[in-house]
Amino acid sequence: MDKTEEPLTFESFAVGRVFELGTMTIDADTIVAFAKAHDPQPFHLDEAEGKRVFGGLAASGWQTASLFQKHLVEGLLLKAPSLGSPGVDRLRFLKPVLAGDHLAFRATVLSARVSKSRPTVGIVTLLGEVLRAEEAVLNFEGAIMLSRSV
């Protein structure tokens with residue numbers, strides 16, 4: 001597991017490499033603020049409704065995905081020659097994220113290849129995971145594009 005601080009290049013993304021991207025604890029105020037702005041379903045806004053449906057006030061899956069993105073950018077992409085992403089595949093909300101949950105963010109390199117049409121670009125596919133006590137609550141596969149020297 002890698003907590004690297006060195007600048008990364010396309011060649012740094014060996015298949016199987018794991019990047020630990022950080023941790024955080026999500027609180028009720030953060031859940032409600034996001035829900036009010038972006039996903040105002042009752043179980044994201046009201047503790048009683050959240051308990052009825054999920055066992056506690058639940059974060060939006062989109063909030064959890066957004067938190068992953070923040071950790072990916074700060075923990076990895078700002079250290080790499082990132083050119084953005086061509087997309088995400090198979091996004092799954094596996095378990096509800098509840099107020100008070102301590103979350104960890106991790107990215108594992110699944111593949112890395114040079115673009116056929118643009119040899120100055122490398123395409124890396126990552127397995128992104130949000131974990132609570134080592135159990136995945138969200139995962140996805142997504143690609144990032146990295147500038148490479150030729």
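This is a predicted model: local features need pLDDT of at least 70, side-chain atom pairs count only at pLDDT 80 or more; totals for chains, interfaces and linings use all residues.
Trainee: How many salt bridges does the structure hold?

Mentor: Side chains of opposite charge can pair when their charged atoms come close. A pair is counted here when a side-chain nitrogen of Lys or Arg is within 4 Å of a carboxyl oxygen of Asp or Glu. By that criterion, the number of salt bridges in the structure is seven.

Trainee: How many residues apart in sequence are the parts that Glu-141 and Arg-90 tie together?

Mentor: Glu-141 forms a salt bridge with Arg-90, and their closest N and O atoms are 2.5 Å apart. Glu-141 belongs to strand E5 (residues 135–147) and Arg-90 to strand E2 (residues 87–93), so the parts joined by this pair are separated in sequence by 51 residues.

Trainee: Which residue forms a salt bridge with Glu-135?

Mentor: The closest N and O atoms of this pair are 3.5 Å apart. The pair links distant parts of the chain, with Glu-135 in strand E5 and its partner in the loop between E2 and strand E3 (102–114), 40 residues apart. That partner is Lys-95.

Trainee: Is Arg-106 buried or exposed?

Mentor: Arg-106 forms a salt bridge with Glu-134, the closest N and O atoms lying 3.9 Å apart. Glu-134 has a relative accessible area of 63% and is exposed. For Arg-106 the relative accessibility is 14%, and the cut-off for burial is under 20%. Arg-106 therefore counts as buried.

Methods. Residues are numbered from 1 along each chain as its sequence is written. Side-chain values use heavy atoms; hydrogens and water are left out. Helices (H or I, at least four residues) and strands (E, at least two) are DSSP runs, numbered from the N terminus. Buried means under 20% relative accessible area, exposed over 50%, partly exposed in between (1.4 Å probe, protein chains only).
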